[in-house]
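Reader: I'd like a walk through this model, feature by feature. Could you give me the general idea each time and then the case at hand?

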Amino acid sequence: NTFGRTVNENFSDLKAIADAAAQEESKTGWVFTPFPDVSYNSDIGLNLGGFCDFFYYGDGTDYPNFQHHIAVSGAWATKGSWYLHGLFDSKTLVKGARVTGSLTYRDASMNPFYGFNGLHSPYFPELDLHAEDRTAYYTDHRQVIRAAATFQKPVKGRLNAMAGAVFRHVRIQDFNLKNYDNVNTLYRRYREAGLIGADEADGGNSLEGRIGLTYDSRDIEWVPNRGIYGELYVNGNLDLSHKKYHYAQLVGHFRHFIPIIFGRLTFAYHLGVQHQIAGQMPWYNLNEISTLTYQYEEYEGMGSRYTVRGYRLDRLTAAGYAWGNFELRAKVLQFNLFHQHFDLVLNPFFDVASITREFRPEEHARSLMPPAGKPLYQTATERIHCSAGAGGKIHMNTNFILSLEVGKGFNPELSDLTVSMATTYTF
């Protein structure tokens, strides 16, 4: 018994020493992390660029939560897209309020367009992007300029009132890639069938106002061990180009972080809804997923790395969505190196998505067969679409995160095996 107690005591001492050695040191003042962006995503290809996050922690009292965050990034991808993105997020610039602003330019010369309403648009893999026979049926050219600002102020406790505005300039046209067929495309077929109106076919400008509430009880903002973060707001969108595509959306996000082993194992889930409640949307705004702060350049879906993993980018395009992300986050290794703290995290996940409001369903169901001989509409009974996969994360000092995730949707019409590298969690 004495020997057993001695071994246990020694083991406990060693564990305490190891845990102490792996504790994260508090940071003060400005900390910045420039990093090359050499990553891969199934939807955009190999990504080449760079980014830098600047965090201001003041005297370090609230670390790892920050007072100011500035992010700049830019990259070019091999499947024909590039972007520039800047973000400013401050909790102390205006006393008692949080101010966030962003500016984004994204040019996707080989942008995917799979039609409206998910499975109601049939998918023919032989017509997708193929270098051998130069087909690119599900392709258009999309350019977006987006400027956004959000203001949050505490109301009571952890409840905040929110107001914001977003300006968007969207331009859509035929893609122009040498030796590829840019005439026989789904984008052109939709225009010929009247599913995309002549006035909206090339895109337009819009100004969106937002008002709502947020609630935040997370212990750490970027890598929570516990707590809830919720958003509920209404978007009112004014059509500046055509004066007819005005609409309103109801948007809700509920994120819950439940500690199983505090600091080591967390069950995290996110429930989202985005639903058109009034007016008429233009087709070119369908695939943007609403968010209060545009931390990253790409908020388009439904599908790909920032919405539901394992789905093709923009494969579900409609006027309303509901979705959920569920995952375990397990810190399997923690250590300090060169005065920096690192965590290695594994996160198996399961995602679900559904269309809550179809876009122009009657017109879609009546659409004519295009000259290419492929139908634009099919009947479908599957309402909830599922995917699963696993990922790995490397944290450096909590707020710098490198991510790799692999996912697969259960329905092959919606998904292939997708691989994505990013610099954050999906939620």
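**Strands and their partners**

Author: Let's start with a pairing: strand 11 (residues 265-279) and strand 12 (residues 320-337) run antiparallel and share 11 bridges. Before we go on, this is a predicted model, where local features need pLDDT of at least 70 and side-chain atom pairs count only at pLDDT 80 or more, while totals for chains, interfaces and linings use all residues. Residues are numbered from 1 along each chain as its sequence is written, and side-chain values use heavy atoms, with hydrogens and water left out.

Reader: What counts as a strand, and when do two of them pair?

Author: Strands (E, at least two residues) and helices (H or I, at least four) are DSSP runs, numbered from the N terminus. Two strands pair if DSSP finds at least two bridges between them. Within the pairing above, L271 has G324 of strand 12 as its bridge partner.

Reader: How many bridges join strand 12 to strand 13?

Author: There are 15, and strand 13 (residues 340-357) runs antiparallel to strand 12.

Reader: Which strands pair with strand 5?

Author: Strand 4 (residues 81-90) is joined to strand 5 by 10 bridges, antiparallel, with L87 bridged to S102 of strand 5. Strand 6 (residues 139-156) also pairs with strand 5 in the antiparallel sense, over 13 bridges. In that pairing, Y105 has I145 of strand 6 as its partner.

Reader: And what should I expect of side chains along a strand?

Author: In a regular strand the side chains alternate between the two faces of the sheet.

**Buried residues and their contacts**

Reader: Is H253 buried or exposed?

Author: The cut-offs are these: buried is under 20% relative accessible area, exposed is over 50%, and partly exposed lies in between (1.4 Å probe, protein chains only). H253 counts as buried because its relative accessibility is 6%. You'll find H253 in strand 10 (residues 247-261).

Reader: What does the side chain of H253 make a polar contact with?

Author: A polar contact is a pair of N or O atoms within 3.5 Å; within protein, one must be able to donate a hydrogen and the other to accept it, and residues adjacent in sequence count only if both atoms are side-chain atoms. Here the partner is the side chain of H270, at 3.0 Å. For plain contacts (heavy atoms within 4.5 Å), and not counting residues up to four places away in sequence, H253 touches several residues, including Y229, E231, S290 and W323.

Reader: Where is G227?

Author: G227 sits in strand 9 (residues 227-239), and it is buried because its relative accessible area is 13%. Leaving aside neighbours within four places in sequence, G227 is in contact with S217, R218, R255, H256 and F257. G227 and R255 are 28 residues apart in sequence, and their C-alpha atoms are 8.4 Å apart.

**Salt bridges**

Reader: How many salt bridges are there?

Author: In general, side chains of opposite charge can pair when their charged atoms come close. The rule here asks for a side-chain nitrogen of Lys or Arg within 4 Å of a carboxyl oxygen of Asp or Glu. By this rule the count is 27. One of them joins the side chains of E300 and R106 (3.6 Å, N to O). E300 lies in the loop between strand 11 and strand 12 and R106 in strand 5 (residues 98-112), so the pair ties together parts that are 194 residues apart in sequence. Both E300 and R106 are buried.
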